[in-house]
Amino acid sequence: MSDTQGSGGTAWRNNPYSGPYTYDAQSDLALYSGVLTKRFVAFLIDLFVLSVPILLVSIFILLFGVVTLGLGWALFWLVSPFSIVWALLYYGLSLGGPRAATIGMRMLGIHMEMLNGGRPYFLLGVVHAVAYWFSVSFLTPLIVLVGFFNRRGQLLHDLVLGTVLVNTAATVPSSRSF
(Lines give C-alpha, C1' and ligand atoms only; values in the text may rest on other atoms or scores of the structure.)
Protein backbone atom coordinates (compact mmCIF):
# COMPACT_ATOMS: atom_id res chain seq x y z
CA MET A 1 0.00 0.00 0.00
CA SER A 2 2.44 2.63 -1.08
CA ASP A 3 2.09 5.50 -3.44
CA THR A 4 5.08 6.64 -5.44
CA GLN A 5 5.76 10.31 -5.80
CA GLY A 6 7.56 12.18 -8.56
CA SER A 7 10.92 12.07 -6.78
CA GLY A 8 10.95 8.30 -6.66
CA GLY A 9 10.20 8.10 -2.92
CA THR A 10 7.25 6.38 -1.38
CA ALA A 11 4.59 7.87 0.82
CA TRP A 12 2.73 5.47 3.08
CA ARG A 13 -1.00 6.00 3.32
CA ASN A 14 -1.16 4.79 6.91
CA ASN A 15 -0.97 8.35 8.26
CA PRO A 16 -3.79 10.36 6.66
CA TYR A 17 -2.48 13.63 8.11
CA SER A 18 0.99 13.53 6.60
CA GLY A 19 1.57 15.07 3.25
CA PRO A 20 3.46 17.79 1.48
CA TYR A 21 0.89 20.48 2.26
CA THR A 22 -0.30 19.66 5.76
CA TYR A 23 -0.24 22.47 8.27
CA ASP A 24 0.33 22.38 11.98
CA ALA A 25 -2.27 24.34 13.90
CA GLN A 26 0.25 25.12 16.62
CA SER A 27 2.95 26.70 14.46
CA ASP A 28 0.88 28.16 11.61
CA LEU A 29 -1.60 30.33 13.49
CA ALA A 30 -1.68 32.86 10.62
CA LEU A 31 -3.41 30.22 8.51
CA TYR A 32 -6.45 30.15 10.78
CA SER A 33 -6.60 33.73 12.06
CA GLY A 34 -10.13 35.09 11.64
CA VAL A 35 -11.29 32.18 9.49
CA LEU A 36 -14.57 31.67 11.36
CA THR A 37 -15.63 35.29 10.88
CA LYS A 38 -14.59 35.27 7.23
CA ARG A 39 -16.40 32.01 6.76
CA PHE A 40 -19.66 33.47 8.08
CA VAL A 41 -19.48 36.51 5.80
CA ALA A 42 -18.52 34.29 2.85
CA PHE A 43 -21.59 32.15 3.59
CA LEU A 44 -23.81 35.23 3.32
CA ILE A 45 -22.19 36.25 0.03
CA ASP A 46 -22.63 32.73 -1.33
CA LEU A 47 -26.30 32.75 -0.32
CA PHE A 48 -26.73 35.89 -2.40
CA VAL A 49 -24.87 34.31 -5.36
CA LEU A 50 -27.04 31.20 -5.10
CA SER A 51 -30.29 33.16 -4.84
CA VAL A 52 -29.82 35.38 -7.91
CA PRO A 53 -30.32 32.65 -10.57
CA ILE A 54 -33.22 31.17 -8.59
CA LEU A 55 -34.85 34.59 -8.41
CA LEU A 56 -34.36 35.12 -12.15
CA VAL A 57 -35.88 31.74 -12.98
CA SER A 58 -38.84 32.51 -10.70
CA ILE A 59 -39.41 35.88 -12.38
CA PHE A 60 -39.23 34.21 -15.80
CA ILE A 61 -41.81 31.60 -14.78
CA LEU A 62 -44.04 34.33 -13.34
CA LEU A 63 -43.94 36.33 -16.57
CA PHE A 64 -44.31 33.19 -18.67
CA GLY A 65 -47.42 32.32 -16.63
CA VAL A 66 -48.90 35.75 -17.34
CA VAL A 67 -48.27 35.39 -21.08
CA THR A 68 -49.75 31.87 -21.19
CA LEU A 69 -52.80 32.88 -19.09
CA GLY A 70 -51.69 30.88 -16.06
CA LEU A 71 -50.53 27.67 -17.77
CA GLY A 72 -46.85 28.55 -17.38
CA TRP A 73 -47.18 28.79 -13.62
CA ALA A 74 -47.23 25.01 -13.52
CA LEU A 75 -43.44 25.27 -14.01
CA PHE A 76 -43.01 26.63 -10.48
CA TRP A 77 -42.60 23.05 -9.26
CA LEU A 78 -39.23 23.05 -11.08
CA VAL A 79 -37.83 25.82 -8.86
CA SER A 80 -37.05 23.53 -5.91
CA PRO A 81 -35.21 20.84 -7.91
CA PHE A 82 -33.40 23.57 -9.86
CA SER A 83 -32.33 25.19 -6.58
CA ILE A 84 -30.88 21.95 -5.26
CA VAL A 85 -29.04 21.10 -8.49
CA TRP A 86 -27.73 24.66 -8.79
CA ALA A 87 -26.44 24.69 -5.21
CA LEU A 88 -24.73 21.30 -5.56
CA LEU A 89 -23.09 22.31 -8.85
CA TYR A 90 -22.01 25.64 -7.39
CA TYR A 91 -20.34 24.11 -4.34
CA GLY A 92 -18.94 21.12 -6.21
CA LEU A 93 -17.39 23.18 -9.01
CA SER A 94 -16.13 25.99 -6.78
CA LEU A 95 -14.80 23.98 -3.83
CA GLY A 96 -13.56 21.23 -6.12
CA GLY A 97 -12.11 23.68 -8.63
CA PRO A 98 -8.55 24.99 -8.97
CA ARG A 99 -9.04 27.74 -6.34
CA ALA A 100 -10.88 25.45 -3.87
CA ALA A 101 -13.10 28.34 -2.82
CA THR A 102 -16.56 29.68 -3.48
CA ILE A 103 -17.01 33.24 -4.72
CA GLY A 104 -17.61 34.48 -1.16
CA MET A 105 -14.56 32.65 0.12
CA ARG A 106 -12.39 34.12 -2.65
CA MET A 107 -13.64 37.62 -1.84
CA LEU A 108 -12.57 37.17 1.78
CA GLY A 109 -9.27 35.41 1.08
CA ILE A 110 -9.93 31.90 2.38
CA HIS A 111 -9.95 28.51 0.68
CA MET A 112 -10.52 24.86 1.54
CA GLU A 113 -7.75 22.29 1.86
CA MET A 114 -7.68 18.65 2.85
CA LEU A 115 -5.79 17.67 5.97
CA ASN A 116 -4.01 14.84 4.18
CA GLY A 117 -2.44 17.25 1.69
CA GLY A 118 -4.64 16.32 -1.26
CA ARG A 119 -6.54 18.77 -3.40
CA PRO A 120 -10.30 19.12 -2.94
CA TYR A 121 -12.34 17.59 -5.77
CA PHE A 122 -15.88 17.94 -7.12
CA LEU A 123 -17.49 15.16 -5.06
CA LEU A 124 -15.84 16.42 -1.87
CA GLY A 125 -17.28 19.88 -2.55
CA VAL A 126 -20.75 18.40 -3.00
CA VAL A 127 -20.48 16.22 0.12
CA HIS A 128 -19.10 19.19 2.06
CA ALA A 129 -22.15 21.27 1.14
CA VAL A 130 -24.63 18.45 1.87
CA ALA A 131 -22.96 17.65 5.20
CA TYR A 132 -23.03 21.34 6.12
CA TRP A 133 -26.73 21.77 5.31
CA PHE A 134 -27.72 18.58 7.14
CA SER A 135 -25.63 19.44 10.19
CA VAL A 136 -27.04 22.97 10.29
CA SER A 137 -30.57 21.59 10.01
CA PHE A 138 -30.23 19.14 12.87
CA LEU A 139 -27.41 20.49 15.08
CA THR A 140 -27.58 24.26 14.61
CA PRO A 141 -25.85 25.44 17.79
CA LEU A 142 -23.38 22.58 17.92
CA ILE A 143 -21.96 23.10 14.44
CA VAL A 144 -20.99 26.67 15.28
CA LEU A 145 -19.73 25.90 18.76
CA VAL A 146 -17.35 23.22 17.49
CA GLY A 147 -15.42 25.89 15.57
CA PHE A 148 -14.64 27.77 18.78
CA PHE A 149 -13.10 24.76 20.50
CA ASN A 150 -10.43 23.70 18.01
CA ARG A 151 -7.36 25.61 16.89
CA ARG A 152 -8.10 25.32 13.18
CA GLY A 153 -11.64 26.69 13.45
CA GLN A 154 -13.07 23.59 11.82
CA LEU A 155 -16.80 23.05 11.98
CA LEU A 156 -18.36 19.64 12.58
CA HIS A 157 -18.59 18.64 8.92
CA ASP A 158 -14.96 19.74 8.37
CA LEU A 159 -13.82 17.38 11.11
CA VAL A 160 -15.80 14.50 9.63
CA LEU A 161 -14.56 15.10 6.07
CA GLY A 162 -10.95 15.95 6.94
CA THR A 163 -11.02 19.45 5.48
CA VAL A 164 -9.92 22.82 6.79
CA LEU A 165 -10.41 26.41 5.67
CA VAL A 166 -7.26 28.54 5.68
CA ASN A 167 -6.27 32.08 4.82
CA THR A 168 -5.08 32.13 1.22
CA ALA A 169 -2.50 34.85 1.84
CA ALA A 170 -0.80 32.74 4.52
CA THR A 171 -0.36 29.76 2.17
CA VAL A 172 1.14 31.67 -0.76
CA PRO A 173 4.94 31.56 -0.64
CA SER A 174 6.61 34.91 -0.26
CA SER A 175 8.02 36.31 -3.49
CA ARG A 176 10.58 38.43 -1.65
CA SER A 177 14.11 37.13 -1.36
CA PHE A 178 16.12 38.09 1.71
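Residue I61 touches G72, W73, L75, F76 and V79, with residues up to four places away in sequence not counted; contact here means heavy atoms within 4.5 Å. I61 is placed in helix α1, where helices are DSSP runs of H or I with at least four residues and strands are runs of E with at least two, numbered from the N terminus. Because its relative accessibility is 5%, I61 counts as buried; buried denotes under 20% relative accessible area, exposed over 50% and partly exposed in between, with a 1.4 Å probe and protein chains only. The C-alpha atoms of I61 and F76 lie 6.7 Å apart, at a sequence separation of 15 residues.

The model is predicted: local features need pLDDT of at least 70 and side-chain atom pairs count only at pLDDT 80 or more, whereas totals for chains, interfaces and linings use all residues. Residues are numbered from 1 along each chain as its sequence is written, and side-chain values use heavy atoms, with hydrogens and water left out.

Helix α2 comprises 17 residues (79-95) and reaches 24 Å from its first C-alpha to its last, close to the expected 24 Å, the expected span being 1.5 Å times one less than the number of residues. Its buried residues are V79, S83, A87, Y90, Y91, G92, S94 and L95, and they pack against α1 (35-67), α3 (103-108), β3 (110-114) and α4 (122-138). S83 counts as buried because its relative accessibility is 18%. A polar atom of the S83 side chain lies 2.7 Å from the backbone oxygen of V79.

Terms used: A polar contact is a pair of N or O atoms within 3.5 Å; within protein, one must be able to donate a hydrogen and the other to accept it, and residues adjacent in sequence count only if both atoms are side-chain atoms.
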